[in-house]
Amino acid sequence: MTRVKRGYIARKRRKKILAFVSGSRGAHSKLFRTANQRKARALVSAHRDRGKRKRDLRRLWITRINAAVHCRLVIYNRFIQYLYKRQLLPNRKTLAQIAILDSNCFSTILNNLSYDEIG
């Protein structure tokens with residue numbers, strides 16, 4: 001039987017994995033087995049942290065809206081409740097940007113609220 005020289009496909013796969021972890025330190029960027037483990041760990045972390053980033057940004061937006069609303073002596077909870085009651089589904093990212101970048105516009109939104117409804 002003739003000899004088969006292997007390696008082209010396997011080498012291509014290994015090079016791709018080593019290129020993925022090229023920024024790691026020590027053996028994690030040089031040895032294939034540890035590099036492969038590092039890549040798996042990195043992908044797990046990336047997947048987990050995409051969800052975490054969404055949660056963190058939502059918390060940031062809520063904090064910003066809360067700060068802007070508290071300056072006008074209104075409670076965040078009542079403000080959001082009022083928007084839902086009026087069927088104005090709040091986009092917290094947009095509200096937070098308006099509160100920070102255009103305080104006059106945010107004041108107009110708050111002034112149009114009937115304060116007996118939001119308490």
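Predicted model: local features only at pLDDT ≥ 70, side-chain atom pairs only at ≥ 80, totals over all residues.

Residues are numbered from 1 along each chain as its sequence is written, and side-chain values use heavy atoms, with hydrogens and water left out.

**Exercise 1.** Work out how many helices and strands the protein has.

*Solution.* Start with the rule: helices (H or I, at least four residues) and strands (E, at least two) are DSSP runs, numbered from the N terminus. Counting them gives six helices and zero strands. Along the sequence, that reads α-α-α-α-α-α.

**Exercise 2.** Find the salt bridges in the whole structure.

*Solution.* Look for a side-chain nitrogen of Lys or Arg within 4 Å of a carboxyl oxygen of Asp or Glu. The search turns up two.
- Arg48 pairs with Asp49, with the closest N and O atoms 3.1 Å apart.
- Asp56 pairs with Lys52, this time at 3.4 Å. Both sit in helix H2 (residues 32–71), four residues apart, about one turn of the helix.

**Exercise 3.** Are Arg48 and Lys52 buried or exposed, or something in between?

*Solution.* Buried means under 20% relative accessible area, exposed over 50%, and partly exposed in between (1.4 Å probe, protein chains only). Arg48 comes out at 45%, so it's partly exposed. Lys52 has 38%, so Lys52 is partly exposed too.
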